[in-house]
Every structure is written in C-alpha cells, then in structure tokens.
Amino acid sequence: TPEMEAAGIELYKDYVLDQDTFEWAANLLEPGKNLQFSITMTSHRPWTYQPESENELFPESDDKIQNYFNAMRYVDNVLADYMEKLPSGTLLVLFGDHVSAQKYDGHELGVVPFLMFKKGQKLSFRTEAEKNEALSGELIRTDLIGVFFKLLRSYPDSTI
C-alpha cells in the first residue's frame, strides 16, 4: 500500500480499491516469469469496500447479505479485467483466507473459494488420484501447499 499511495493511488475507506490493486498488478507484469501476491479488501466484512456506484445487484442496500453479493460481483468484474491483461500461459491461483460465515436462503456461504486458471489453456487431470484434488471450486481441508508445489513443479521452466 505505501508504494501504491506514493504512486498517487487514492485510498477508499482507508484501503486501496480492488480495481486499483489489480490495475497496479497488471502494470507490473513483465515479459517472462512473474510472481504476484495480492491481498484485496472487498471480500471482507462489512462488504462495503467498493464504491456504492459499483453495487450492480442491489444498488441501495444496507442488508449484509446483499452487500456481500454486491462485493462479490465487484470482485468478479475487476478480476475479469485483470485476467484479460494477463499474457497467455499465465497461471493464476486465487483463494480466500477464511470463510464468509454468512447464510443465504438457508445455505451456508462458509466455504473457502479456490480457483486455478491458466490463461489460454484448459487445466486437466493426468491421473485418477489427481481428480480428488481441488483445482477449482470449493476448498475444504485441502493441503494447498502440496497442490501448489506439485503444480508448479510441472509448470514449464519451473525452478522449484
């Protein structure tokens, strides 16, 4: 955040907007290998870390569940913009650090999201055993470091 503030990126509610975070990250991409680790705020309570003008689903809501859905829609939009800027072959790993602890229509929204995306390619499984690993969807008690290590070792030109 200090580097982003020094570059003139303004804070919104004491935080950098996800849109600004992803634009910053996209501008840092260089030819060849890149490793980026970004933490965003929009997907955290009270789910109001995006400008009200970005609330597509429920424009004038004070309801926490509606705020949650507005926030997730905003994250989807800015993440889609970021993904468009990634070079072909880029591996994107996206995960949450905790559950939302919210319920909607009687269903728990308490799983940790996890997604692996390789731009320009469809991820596929090589063996029956690997089909049991979470490569996309919901992550519950999965050993992330083992999944990442195995995937990165098979990544072209990996130094792991």
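**Before starting**

The model is predicted, so local features need pLDDT of at least 70 and side-chain atom pairs count only at pLDDT 80 or more, while totals for chains, interfaces and linings use all residues. Residues are numbered from 1 along each chain as its sequence is written, and side-chain values use heavy atoms, with hydrogens and water left out.

**Stop 1: the whole chain**

Display the whole chain as a cartoon. It has four helices and five strands; helices (H or I, at least four residues) and strands (E, at least two) are DSSP runs, numbered from the N terminus. Followed from the N terminus, the elements run α-α-α-β-β-β-β-β-α.

Next, display the surface. The chain exposes about 11,000 Å², of which carbon and sulfur atoms supply 52%. Such accessible areas come from the Shrake-Rupley method with a 1.4 Å probe, and for residues only the protein chains shown count as cover. Of the 160 residues in the chain, 31% are buried. Here buried means under 20% relative accessible area, exposed means over 50%, and partly exposed lies in between (1.4 Å probe, protein chains only).

Contacts (heavy atoms within 4.5 Å) may also be considered along the sequence. Among those between residues at least 6 apart in sequence, 50% join residues at least 24 apart.

**Stop 2: Lys13**

Select Lys13, in the loop between helix 1 (2-6) and helix 2. Lys13 has a positive phi of about 55 degrees, although it is not a glycine. Its relative accessibility is 42%, so Lys13 counts as partly exposed.

**Stop 3**

The whole structure contains four aromatic pairs. Rings of Phe, Tyr and Trp (its six-membered ring) pair if their centres lie within 6.5 Å; planes under 30 degrees apart count as stacked, over 60 as edge-to-face and the rest as tilted.

Select Phe22 and Tyr82 for one of these pairs. The ring centres are 5.1 Å apart and the planes stand at 40 degrees, so the pair of Phe22 and Tyr82 is tilted. Phe22 belongs to helix 2 and Tyr82 to helix 3, and the pair links distant parts of the chain, 60 residues apart. Both Phe22 and Tyr82 are buried.

**Stop 4: Trp47 and Tyr68**

Now select Trp47 and Tyr68, an edge-to-face aromatic pair with 5.1 Å from centre to centre and 85 degrees between the planes. Trp47 lies in the loop between helix 2 and helix 3, and Tyr68 in helix 3, so the pair ties together parts that are 21 residues apart in sequence. Trp47 is buried, with a relative accessible area of 3%. Tyr68 also counts as buried, because its relative accessibility is 13%.

**Stop 5: Pro46**

Select Arg45 and Pro46. Is the peptide bond from Arg45 to Pro46 cis or trans? The bond is cis, with omega near 5 degrees. Pro46 lies in the loop between helix 2 and helix 3, and at 43% relative accessibility it counts as partly exposed. Select Asn67 as well: the C-alpha atoms of Pro46 and Asn67 are separated by 7.6 Å, although these residues are 21 residues apart along the chain.

**Stop 6: the salt bridge**

The structure holds one salt bridge, that is, a side-chain nitrogen of Lys or Arg within 4 Å of a carboxyl oxygen of Asp or Glu. Which side chains meet in this salt bridge? They are those of Glu56 and Arg73, at 3.1 Å from N to O. Glu56 is in the loop between helix 2 (18-28) and helix 3 (64-85), and Arg73 is in helix 3; the pair links distant parts of the chain, 17 residues apart. Glu56 counts as partly exposed because its relative accessibility is 44%. Arg73 counts as partly exposed at 32%.

**Stop 7: a nonpolar surface patch**

Finally, select Phe37, Ile39, Val93 and Phe95, which form a nonpolar patch on the surface with about 430 Å² of accessible area together. Patches are made of residues with over 30% relative accessible area and no salt bridge; like charges are joined within 9 Å, and nonpolar side chains (Val, Leu, Ile, Met, Phe, Trp, Tyr) within 5 Å. Phe95 is found in strand 1 (residues 91-95), and at 37% relative accessibility Phe95 counts as partly exposed.
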